[in-house]
Amino acid sequence: MTLLGLVEREPSHGYELKRDYDSYIGLGRSLPFGQVYATLSRLARDGKVVSGEAEPGAGPDRKRYTITDLGKQDVATWLSEAIEPEPHLQTVLFAKVVLSLMLDRSAKGYLEIQRAAHLQRMRELTELKRTGAPVDALLADYGLFHLEADLRWIDLTESRLQALKEMVQR
Amino acid sequence: MSSTNLAPRHESVPLIAGRDIVKSFGETPALRGVSVSIGPGEIVAIMAPSGSGKSTLLHCLAGIFPPDSGQVWFDGRQIDSLDETQRTKLRRTTFGFVFQFGQLVPELTAADNIALPLLLDRTNHREAYRRATSWLQRLGLGALGGHRTGELSGGEAQRVALARALVTRPAVLFADEPTGSLDSLMGEQVMEFLVDLTRQEGTTVVVVTHDARVAAYADRAVMVRDGRTTTPAPAQAVRQ
């Protein structure tokens, strides 16, 4: 859906979409070309985009993609919908704490290691925010708030380890 | 710096260090044997939940009160054994302080507040106000020098407090929850200024906070739990 939104921004080649995605949205995670073209093929099949004729030149794909009215409607709907708030805590972090308690390992030690790792990442993101472009700052803030939420959970969990241990070791 | 072999060891020579600090208030223990070592120019966050002894640690390191036992070192000199007069002089001449609130004189202007520590230290009037004005400009407050601090927003007042703490060019800035009374945007502005200005000045910073986003501005964090520092985890312990 993000790619479809980028096509709405302006008719684009696949490599332009990948470039824009990596620059504005990827937060250091590059979108594979294969995924870009597979998505564009699916969107074309579903009538969300149309592709022009292949243009002369080197490169894997010289087609320019343009969004259709149906595609625009999809983007508008998607942008107006809330995403589902994560309803269940099923992270690796959670699993490690529970397993540590079950196996009588040091959950507290793990939480301290994880806290240090979170703080280190928060320092990196804060530096990115201080020195980067506004879009970097926006993405860094998103990461910082989520890491902060994890840290609060880590602090709270640490204070409840004994009660959790009694429950999972039954 | 003294080369005495009694000074606590640090990878680089520490500017300020506490060793096995114990401090109680009546029957209530606040610190149960804390050791911390801070190098020159470092920005270190002391992080802990409320009531975990982090402000007490700051007060001991800054010589505001001596620990019940343990040692505090500054620049190769043991300062916990200094008398109150000597510690007061050290604080006034060598340390700067930023607290959560309540440190400015509301009836005085921003420039007066910043010039005040210089005037108390017998800097001449013209020079004190020249430096105060310079700091106001560095903090983006050039137009507010004549305003009473009671009329300033929380963020502006805290920037004035930062200028007042730094105007004497202290070796160490101690900041206790410096953004605690501010909304997150104002708090970030204050931390930006704090980090930028202390790096420019080469000031060592000890910032006490419960807020991970504030601690993330520091070079490293020292965790205090139940009156003790916890061992920081090595980076290589992190796995994807």
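Predicted model: local features only at pLDDT ≥ 70, side-chain atom pairs only at ≥ 80, totals over all residues.
The secondary structure of chain A consists of 8 helices and 3 strands. Read from the N terminus, these elements follow the order α-β-α-α-β-β-α-α-α-α-α. The radius of gyration of chain A is 22 Å, well over the 15 Å that the globule rule gives for 170 residues, so chain A is more spread out than a compact globule. The C-alpha trace of chain A extends over about 65 × 40 × 30 Å along its principal axes. Of the 170 residues in this chain, 22% count as buried. Among contacts in chain A with a separation of 6 or more, 49% are made by residues 24 or more positions apart.

The contact between the two chains draws 14 residues from chain A and 14 residues from chain B. On the side of chain A that touches chain B, the elements giving two or more residues are helix 6 (107-131) and helix 7 (134-159) of chain A. Helix 6 of chain A supplies the largest share of that side, with 10 residues. Sorted by class, the side of chain A that touches chain B comprises 7 nonpolar, 2 polar and 5 charged residues.

In chain B, 4 strands form an open sheet in the order 2-1-4-5, with antiparallel pairing. Strand 2 (28-38) and strand 5 of chain B stand at the edges, and each has a single partner strand, so one side of each is left without a neighbour in the sheet. The pairing can be followed from strand 2 across to strand 5. Strand 1 and strand 2 of chain B run antiparallel and are joined by 8 bridges. Strand 1 (residues 16-25) of chain B also pairs with strand 4 (residues 69-74) of chain B, in the antiparallel sense and over 5 bridges. The residue B:Val22 illustrates both pairings: B:Val22 stands opposite B:Arg32 in strand 2 of chain B, and the bridge partner of B:Val22 in strand 4 of chain B is B:Ser69.

Strand 4 and strand 5 of chain B form a hairpin with 2 residues between them, and B:Asp75 in the turn has a positive phi of about 50°. Helix 1 (residues 54-61) of chain B lies across strand 1, strand 2 and strand 4 of chain B, and runs at about 120° to strand 1 of chain B.

In soluble globular proteins, nonpolar side chains tend to be buried together. The largest nonpolar core in the model holds 81 residues, of which B:Ile46, B:Ile114, B:Leu136, B:Leu162 and B:Val206 touch the most other members. Helix 5 (residues 154-166) of chain B contributes the largest share of this core, 7 residues. The surroundings of B:Val206 may be set out by name. Apart from neighbours within four places in sequence, B:Val206 is in contact with B:Ile38, B:Val44, B:Ile46, B:Leu58, B:Leu61, B:Val172 and B:Phe174. A second, separate core has 12 residues, including A:Leu3, A:Leu6, A:Val7 and A:Val49.

Notes
Residues numbered from 1 in each chain as written. Chains lettered and ligands numbered in written order. Pairing = 2+ DSSP bridges. Contact = placed C-beta atoms within 7 Å. Nonpolar A, V, L, I, M, F, W, Y, C, P; charged D, E, K, R; others polar. Rg over C-alpha atoms; globule rule 2.2 N^0.38 Å. Buried ≥ 20, exposed ≤ 12 C-beta atoms within 10 Å, placed from the backbone. Axes fitted to C-alpha atoms, helices over the stretch in contact; angles between N-to-C directions. Core = buried A, V, L, I, M, F, W, Y, C linked by C-beta atoms within 7 Å.
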